[in-house]
Amino acid sequence: MCSIKQNLEKVIKQIDSATQKCGKKLSDVQLIAVSKTRPLNAIADAAAAGHRQFGENYVKEGVDKITYFREQYLNLEWHFIGLIQSNKTRIVAENFDWVHSVRHSKFARRLSEQRPDYMPPLQLLIQVNTSGESSKSGIEFYDVKELADEIDQLPNLELRGLMCIPQPENNHDSQLTAFAPLSQLFKEMKASRARFDTLSMGMSGDIDAAIASGSTMVRVGTAIFGARNYATHKY
Ligand SMILES: *Cc1c(COP(=O)(O)O)cnc(C)c1O
């Protein structure tokens with residue numbers, strides 16, 4: 001039997017050996033447990049095993065979970081990693097700690113305006129399109145710096161880095177090729193920015209290649225919680 005706790009241990013071991021291979025430490029890479037479609041008890045299991053950082057893709061599902069665990073006095077950190085819609089920015093700004101999927105200044109402005117004053121700044125990543133075709137997967141490379149400069153002007157946000165979701169590739173070399181351009185852009189931007197320290201790339205199928213390419217944050221669902229079943233999920 002593979003419990004969530006055992007799966008988490010396995011993924012952490014994998015991250016540990018991937019970081020060692022490139023002269024880094026385990027603590028250089030954060031693990032976000034992607035809990036979309038998973039029930040509350042799966043998250044509770046991961047939390048009981050000591051995990052704190054979770055990623056959600058759907059606003060209502062995410063906020064229901066955040067509210068539930070807040071009421072349990074469990075101090076978890078929540079990352080919004082899904083597609084942002086304009087009419088949902090307020091509820092994201094009021095509940096999440098991080099947003100990985102910013103790709104437009106309009107959304108950034110709304111998030112800043114709607115972030116409550118009593119909360120710390122919302123931690124943001126710009127989602128960049130690294131696959132070429134679909135603009136749904138992020139903004140274009142040549143627009144990233146301009147968006148970053150705009151975000152810098154907004155009071156309730158802190159721009160921490162970049163994120164991508166490349167097309168799935170199943171061999172290590174193609175995965176490295178897919179990650180290379182964003183890794184390069186991240187290094188360039190990091191050189192001239194304060195606290196720009198987060199490169200969110202890597203999922204269950206490409207953790208090793210992502211870390212070898214300089215990822216500092218991997219978003220892992222399947223390898224921790226098992227295969228998702230969208231047909232029967234309650235959330
Ligand atoms: C679902 C999802 C993940 C996790 O994917 P797995 O392959 O299950 O690890 C990571 N990032 C984003 C943006 C996702 O939507």
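**Figure 1. Tyr142 in the loop between β5 and α6.** Tyr142 is placed in the loop that runs between β5 and α6. In this predicted model, Tyr142 counts as exposed, with a relative accessibility of 68%.

**Figure 2. The buried face of helix α6.** Helix α6 covers residues 144-152. Its buried residues are Val144, Leu147, Ala148 and Ile151. Viewed down the axis of α6, these buried residues fall within an arc of 105°, and they therefore line one face of the helix. The cover over the buried residues of α6 includes the strands β4 (98-102), β5 (122-127) and β6 (157-163), together with the helices α5 (105-114) and α7.

**Figure 3. The crossing of helices α6 and α7.** Helix α7 comprises residues 172-191, and its axis comes within 12 Å of that of α6, with a crossing angle of roughly 40°. At that angle α6 is oblique to α7. The crossing of the two helices is right-handed. On the α6 side the contact involves Val144, Lys145 and Ala148, which meet Leu185, Glu188 and Met189 of α7. Sorted by class, the contact of α6 with α7 has four nonpolar residues, two charged residues and no polar ones. Val144 and Ala148 take part in this contact and also belong to the buried residues of α6.

**Figure 4. Helix α2 and its two sides.** Helix α2 spans residues 40-48, and within it Ala42, Ile43, Ala46 and Ala47 are buried. The buried residues lie within an arc of 140° when seen down the axis of α2, so they line one face of the helix. Asn41 and Ala48, by contrast, are exposed on the other side of α2. The elements against which the buried residues of α2 pack are the helices α1 (4-21), α3 (59-71) and α9 (222-225) and the strands β2 (53-56) and β3 (77-80). After α2 comes Gly50, which has a positive phi near 100°.

**Figure 5. Ala48 on the exposed side of α2.** Ala48 is a residue of helix α2. Its relative accessibility is 69%, and Ala48 therefore counts as exposed. Between Ala48 and Ala194 there are 34 Å from C-alpha to C-alpha, and the two residues are 146 residues apart along the chain.

**Figure 6. The packing of α2 on α3.** The axes of α2 and α3 lie 11 Å apart, and the two helices pack at an angle of about 50°. This angle makes α2 oblique to α3. The handedness of the crossing of α2 and α3 is right-handed. From α2, Leu40, Ile43 and Ala44 meet Lys65, Tyr68 and Phe69 of α3. Of the residues in this contact, five are nonpolar, one is charged and none is polar. Ile43, which belongs to this contact, is also one of the buried residues of α2.

**Figure 7. Asn95 in helix α4.** Asn95 belongs to helix α4, which covers residues 89-95. With a relative accessibility of 10%, Asn95 counts as buried. Apart from neighbours within four places in sequence, Asn95 contacts Val63, Ile66 and Arg70. A separation of 8.5 Å is found between the C-alpha atoms of Asn95 and Thr67, which are 28 residues apart along the chain.

Figure 8. Most residues other than glycine have a negative phi. Thr37 sits in the loop between β1 (30-34) and α2, and it is buried, with a relative accessible area of 7%. Arg195 is likewise not a glycine and has a positive phi of about 55°. The location of Arg195 is the loop between α7 and β7 (198-200). Its relative accessibility of 46% makes Arg195 partly exposed.

Terms used:
Residues numbered from 1 in each chain as written. Predicted model: local features only at pLDDT ≥ 70, side-chain atom pairs only at ≥ 80, totals over all residues. Heavy atoms only, no water. Buried < 20%, exposed > 50% of the residue type's maximum accessible area, 1.4 Å probe, protein only. Helix = DSSP H or I, 4+ residues; strand = E, 2+ residues; numbered from the N terminus. Arc of directions from axis to C-beta. Contact = heavy atoms within 4.5 Å. Axes fitted to C-alpha atoms, helices over the stretch in contact; angles between N-to-C directions. Parallel < 35°, antiparallel > 145°, perpendicular 65-115°, else oblique. Left-handed = near helix turned anticlockwise from the far one by under 90°. Nonpolar A, V, L, I, M, F, W, Y, C, P; charged D, E, K, R; others polar.
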